[in-house]
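Biologist: I would like to go through this structure with you and ask, for each label you use, what stands behind it.

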Amino acid sequence: MNSYQPKTSKGIILIVDDTPDSLRLLEAALTRYGYEVRSTVNGAMALTAAKAVAPDLILLDILMPDMNGYDVCSALKASPVTRDIPIIFISALDEIFDKVKAFTLGGADYITKPFQFEEVLARVDHQLTIRQLTQDLEQRVDARTAQLKQTLEDLQQAQVQLVQIEKMATLGQLVAAVAHEINNPVGFINGNLSCAKDYTQDLISLLRLYQEKFPHCGTEIEQKSQDIELDYLIEDLPNILSSMKQGVDRLFQLSNSLRTFSRLDAHHKVNFNVHDGIESTLLILKHRIKANDKRSALKVIKNYGNLPPIDCYPGQLNQVFMNIIANAIDALDELQVKKLEELNQDYLPHIKIDTYIPEDKEVVIIRISDNGIGMSTQVKDCIFDNFFTTKPVGKGTGLGLSIARQIVVEKHKGSLNFSSTLGEGTEFVIELPI
């Protein structure tokens with residue numbers, strides 16, 4: 001009885017040998033030690049069997065008809081399914097065996113006939129041990145690589161969050177400070193305008209009374225009245241005060257929009273009107289929507305549905321609107337610069353904003369589209385990646401849309417999708433739960 005005891009667990013061994021006696025001896029010996037043994041008598045059958053169910057080890061005879069062991073080994077190593085299977089060549093002592101060629105083709109070891117069974121078992125066990133250790137190492141490397149990849153993604157995500165928090169905090173503080181500084185003098189002017197309007201009406205009433213009671217006030221007064229165009233002054237002064245009041249109201253609207261846009265609400269959701277957020281964003285970007293030396297004014301088409309207030313983080317949601325609408329303006333500007341000569345004279349750059357609630361869902365849909373330059377396939381594959389940007393150095397961070405998707409998907413449990421055709425435009429679709 002042989003004293004050798006294999007160290008490895010049971011495995012599948014494929015024996016390829018056209019000599020029936022050798023095949024039977026090897027199969028019996030290996031089966032007795034617990035291996036699952038399969039056998040073939042030629043190279044073509046061996047390739048089919050190895051690809052059907054990959055063995056853990058192959059014992060391959062050198063001299064076989066039609067297809068020798070070297071050719072079988074080359075075919076096995078050329079296939080991604082079988083190239084990692086260790087191969088032990090079998091050769092008779094009286095056969096010409098090119099060991100260098102065997103190892104060059106990918107052979108792991110060789111044994112010679114007649115067999116010393118303990119040597120066969122030792123070599124088989126040795127190769128299976130190496131294979132097992134290699135597989136374990138590959139699994140550990142794969143696991144470690146996946147762990148490192150996840151750590152890198154977590155670090156990048158943390159960096160994006162820090163950038164977002166810092167950006168929103170800085171912007172919020174700046175805009176809130178500007179709104180506060182506007183409010184103080186505007187409130188003062190507004191309060192005084194109300195008094196000035198009352199005082200003006202009183203003075204005009206008194207002047208009319210004087211004109212009624214003293215129609216002949218003397219040559220000097222009549223001449224002065226003509227010089228200052230008293231009748232026109234009395235008629236126009238209330239209009240001037242009314243125009244000033246409209247300007248003050250506009251400043252109040254701007255201040256309120258700034259406060260709406262910059263709401264610092266990172267800690268909890270609040271009830272918010274989405275349309276207020278969109279309008280405040282458009283007001284902030286109004287200077288970019290106006291006409292410039294390269295294009296006409298952008299037309300903003302608004303189709304607002306009847307939306308209820310939703311629970312959300314308004315400041316962060318406004319940042320999403322800001323990123324998407326600002327990108328739409330960039331796309332329209334880029335189209336004007338690159339394809340000005342190709343554009344139809346009837347072409348009018350526009351941004352379209354639609355909001356509605358679909359019948360079958362308890363969600364709010366916000367569609368923001370443009371008829372700008374659109375995106376190529378390569379750009380579409382990367383637009384949500386951190387730090388990806390098509391803008392020149394210094395013009396973009398590559399975080400806008402990445403942050404926007406994070407805000408919509410992770411913070412609000414919604415979805416952010418898009419469609420784009422190169423040369424025709426882009427549409428973003430924001431879906432938010434009510």
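**Labels and their cut-offs**

Biologist: Why is His 275 called buried?

Modeller: The relative accessible area of His 275 is 12%, and buried means under 20%, with exposed over 50% and partly exposed in between (1.4 Å probe, protein chains only), so His 275 counts as buried. This is a predicted model, in which local features need pLDDT of at least 70 and side-chain atom pairs count only at pLDDT 80 or more, while totals for chains, interfaces and linings use all residues. Residues are numbered from 1 along each chain as its sequence is written, and side-chain values use heavy atoms, with hydrogens and water left out.

Biologist: Where is His 275 placed, and which residues does His 275 touch?

Modeller: His 275 is in helix H8 (residues 274–284); helices (H or I, at least four residues) and strands (E, at least two) are DSSP runs, numbered from the N terminus. Leaving aside residues up to four places away in sequence, His 275 touches Tyr 304, Gly 305, Leu 307 and Thr 355, where contact means heavy atoms within 4.5 Å.

Biologist: What makes H2 roughly parallel to H3?

Modeller: The axes of helix H2 (residues 43–52) and helix H3 (residues 69–78) come within 10 Å and cross at roughly 20°. Axes are lines fitted to C-alpha atoms, for helices over the stretch in contact, and angles run from 0 to 180 degrees between N-to-C directions. Angles under 35 degrees count as roughly parallel, over 145 as roughly antiparallel, 65 to 115 as roughly perpendicular and the rest as oblique, and therefore H2 is roughly parallel to H3.

Biologist: Which residues of H2 and H3 meet?

Modeller: From H2, Gly 43, Leu 47 and Ala 50 meet Val 72, Ala 75 and Leu 76 of H3.

Biologist: Why is Cys 73 called buried, and what is Cys 195 called?

Modeller: Cys 73 has 0% relative accessibility and so counts as buried, whereas Cys 195, with a relative accessible area of 35%, is partly exposed. A search of the whole structure finds zero disulfides, a disulfide being a pair of cysteine sulfur atoms within 2.5 Å.

Biologist: What is Lys 413 called, buried or exposed?

Modeller: Lys 413 has a relative accessible area of 63% and is therefore exposed. Lys 413 lies in the loop between helix H12 (400–411) and strand S11 (415–421), and its phi is near 60°, a positive value in a residue other than glycine. Most residues other than glycine have a negative phi.
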